[in-house]
Amino acid sequence: MTAPATADFRTRLQDWLPKMVLAPSFAVTLLFVYGFIAFTVLLSFTGSKMLPKYDFVGLDNYRRLFALEHWHIAIGNIAVFASLYIVICSAIGLMLAIFLDQKIRGEGFLRPIFLYPMALSFIVTGTAWKWFLDPGIGLERVMHLWGWESFSFTWIKDNDLAIYCIVIAAVWQTSGFVMAMFLAGLRGIDNEILKAAQIDGASNWQLYRRIVIPMLRPAFLSAFVILSHLAIKSYDLVVALTGGGPGRSTEMPATFMYSYTFTRNQMGIGASSAVIMLMTIAAIMVPYLYAELKEKK
């Protein structure tokens, strides 16, 4: 009887050991991620100012939020930034992936170079591009020192053009990561399909337009989800590069949320803006996850 009891104990221990190891991480994630998400949702329905209060005001914070001109400016800026960021990143990533997929010499050297910017934090990227784009110390200053006195590049100081500086920095950091996603997709396409199309007389343009790019649909979808998520929570890059300025020309929902929560002492409005951002991300992520689970079934 001892041997079966020992074997049964070992079996149960093998079943429970992974759960015991993962339990602390699961509990911490449950508390400090989902717990604080629930707390933020709760605060969005209260009249909290500098400190949390639990006097429920219903949807009043949301009505006040959408009545604020600053919020509409932030929404307009994120629409411009996200659309340009996603489209340009996807286009550059696809072109780089097609370029590397030609089995060129030095691919092993070029691939880490394209991927390196993603290893940097957005704070570092924003600070570096701020120095580079600043007319007093960056590109314009260097051109003047080299004798090109008429050269001018003051986008970062221009209310109408500063948003495009955010786009440039974000695209520089992320396009290599998108390239890696597309390259993995290209390497997963069956060469027999491509050879059959070439035998049928398909040109390279037709090959990519009718076969390769349609087969990269999962990579396009994954890139869209990831880039949308990065665009919506683009706080650190904006703060490091422009600080939301000049004026409010690069204000984003993330910087708006921080400003109203911790600077203007309007915690209820800040929490409601955070909930709107969460709902936007969920609207992108949930259909994607549902489609993934449906495909696996």
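## Basis of the model

Buried denotes a relative accessible area under 20%, exposed one over 50%, and partly exposed the range in between, computed with a 1.4 Å probe on protein chains only. The model is predicted: local features need pLDDT of at least 70 and side-chain atom pairs count only at pLDDT 80 or more, whereas totals for chains, interfaces and linings use all residues. Residues are numbered from 1 along each chain as its sequence is written, and side-chain values use heavy atoms, with hydrogens and water left out.

## Cysteines

Cys165 counts as buried, at 0% relative accessibility. Cys89 is also buried, with a relative accessible area of 0%. The structure holds zero disulfides, a disulfide being a pair of cysteine sulfur atoms within 2.5 Å. For Cys89, the nearest cysteine sulfur is that of Cys165, 16 Å away.

## Nonpolar cores

A nonpolar core is a set of buried Ala, Val, Leu, Ile, Met, Phe, Trp, Tyr and Cys residues joined through side-chain atoms within 4.5 Å. The largest such core has 47 residues, and those with the most contacts inside it are Phe81, Tyr85, Ile166, Phe182, Val212, Leu241 and Met252. At least two residues of this core come from each of α3 (69-100), α5 (122-133), α7 (162-187), α8 (191-199), α9 (204-215), α10 (217-232) and α11 (236-241). Helix α7 gives the most, with 13 residues. Helices (H or I, at least four residues) and strands (E, at least two) are DSSP runs numbered from the N terminus. A second, separate core has nine residues, including Tyr62, Leu65, Trp71 and Ala74. In soluble globular proteins, nonpolar side chains tend to be buried together.

Residues up to four places away in sequence aside, Phe81 touches Ile163, Ile166, Val167, Ala170, Ala231, Ser234 and Met252.

## Ala223 in helix α10

Ala223 is placed in helix α10 and is buried, with a relative accessible area of 1%. When residues up to four places away in sequence are not counted, Ala223 touches Val178 and Met181. The C-alpha atoms of Ala223 and Met179 are separated by 9.5 Å, and these two residues are 44 apart along the chain.

A search of the whole structure finds two salt bridges, each requiring a side-chain nitrogen of Lys or Arg within 4 Å of a carboxyl oxygen of Asp or Glu. In one of them, Arg187 pairs with Asp101, the closest N and O atoms being 2.8 Å apart. Arg187 lies in helix α7 and Asp101 in the loop between α3 and α4, so the pair ties together parts that are 86 residues apart in sequence. Arg187 is partly exposed, at 37% relative accessibility, whereas Asp101 is buried, at 18%. Glu251 forms a salt bridge with Arg248, with the closest N and O atoms 2.4 Å apart. Glu251 counts as buried at 7% relative accessibility, while Arg248 counts as partly exposed at 25%.

Ile104 lies in the loop between α3 and α4 (107-115) and is partly exposed, at 24% relative accessibility. With residues up to four places away in sequence not counted, Ile104 touches Phe99 and Leu110. Its C-alpha atom is separated by 26 Å from that of Asp200, a residue 96 positions apart from Ile104 along the chain.

## Nonpolar surface patch

Phe26, Leu30, Val33, Tyr34, Ile37 and Leu278 make a nonpolar surface patch of about 570 Å². Patches are made of residues with over 30% relative accessible area and no salt bridge, like charges being joined within 9 Å and nonpolar side chains (Val, Leu, Ile, Met, Phe, Trp, Tyr) within 5 Å. Accessible areas come from the Shrake-Rupley method with a 1.4 Å probe, and for residues only the protein chains shown count as cover.

Helix α1 (residues 2-43) provides the largest share of the patch, five residues. Leu30 is placed in helix α1 and is partly exposed, at 46% relative accessibility.

## Backbone features

The peptide bond from Gly245 to Pro246 is cis, with omega near -5°. Pro246 is placed in the loop between α11 and α12 (253-263).

Asn265, a residue other than glycine, has a positive phi near 55°. Asn265 lies in the loop between α12 and α13 (267-296) and is partly exposed, with a relative accessible area of 28%.

Definitions and conventions:
Contact means heavy atoms within 4.5 Å.
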